[in-house]
Amino acid sequence: MGKVIAIANQKGGVGKTTTAVNLAASMAATKRKVLLIDLDPQGNATMGSGVDKYAVPASAYELLVEEKPFAEVVVKETAGGYHLVAANSDVTAAEVRLLNVFARELRLRNALKDARQHYDFIFIDCPPALNMLTVNAMAAADSVLVPMQCEYYALEGLTALMDTINQLTSVVNADLKIEGILRTMYDPRNRLANDVSEQLKQHFGDKVYRAVIPRNVRLAEAPSFGTPVMYYDKGSTGAKAYLALAGEILRRADKKTVKTSTPA
Ligand SMILES: Nc1ncnc2c1ncn2[C@@H]1O[C@H](COP(=O)(O)OP(=O)(O)OP(=O)(O)O)[C@@H](O)[C@H]1O
Ligand SMILES: [Mg+2]
């Protein structure tokens, strides 16, 4: 059964989409079966996967609002070797249309029920808001991966996000875990970044990934070529960092499996 990981932070521009696309591609490169769900009407993860958001026959809107079967919505050809549920401006309407619907928080969870078994990992790229789309992602997910920039106000934003996650776990998803906290656009020469990074480790311990994503212009350039960075500049520090993150997530998952399968 695939693991569903929501990539979320209500703060804009912290590297959610860059992480979603490049982590999905890195996992796919390790021969895992991967699905990426773009839940952001901006459709950046869709375009960054080499898929034209204006040309897709269906998007997350059809999956969530019209309850079209997953098989009719999934795009199987992407530049990153994973499958994709696309997003475009239609998905904005999904937010509004879901407001008056029964069990509206569970639409994505239900839509993935059968699809889950076909994948090893399902990543969800969330919009920069704690709205009904993000709630759907968190209700469907096993865990949340939080990308963050090590800036002055980052810890406050993180506290707000953790509060929301705690509230959601009591209402829509009691099993939701924190997958990990990822430091993005990191510049080790910046003293403030180092301070915030230290505070993060003090607060969240080993929830903070060892893998750190450096500021790397290749990561910013790759989307304009419609490709994950590893197929644009394989040797770049950005490509290597996301491969390292994928490795770390796999090792953590292995450890847990070993632990739970050991007889008491
Ligand atoms: N490690 C990095 N180094 C350099 N540029 C980066 C890095 N990560 C992301 N960027 C750039 O920063 C911008 C914001 O990144 P991204 O779109 O991934 O953030 P986001 O959290 O998904 O944004 P939004 O909240 O709007 O969805 C983009 O232009 C992206 O190319
Ligand atoms: Mg984004």
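How much of the chain is helix and how much is strand over residues 3–178? You're looking at a predicted model, where local features need pLDDT of at least 70, side-chain atom pairs count only at pLDDT 80 or more, and totals for chains, interfaces and linings use all residues. Residues are numbered from 1 along each chain as its sequence is written, chains are lettered from A and ligands numbered from 1 in the order in which they are written, and side-chain values use heavy atoms, leaving out hydrogens and water.

Select residues 3–178: the stretch is 39% helix and 15% strand, counting DSSP runs of H or I (at least four residues) as helices and of E (at least two) as strands, numbered from the N terminus. Its end C-alpha atoms sit 13 Å apart.

Next, pick Ala-140, in helix 7 (residues 132–140). Ala-140 is buried, at 3% relative accessible area; buried means under 20%, exposed over 50%, partly exposed in between (1.4 Å probe, protein chains only). Beyond residues up to four places away in sequence, Ala-140 touches Val-4, Leu-108, Arg-109, Leu-112 and Arg-116, contact being heavy atoms within 4.5 Å.

Now hop to Leu-112. Setting aside neighbours within four places in sequence, its contacts include Leu-35, Ile-37, Phe-70 and Ala-140.

Last stop: the cysteines. Cys-126 is buried at 1% relative accessibility, and so is Cys-150 at 9%.
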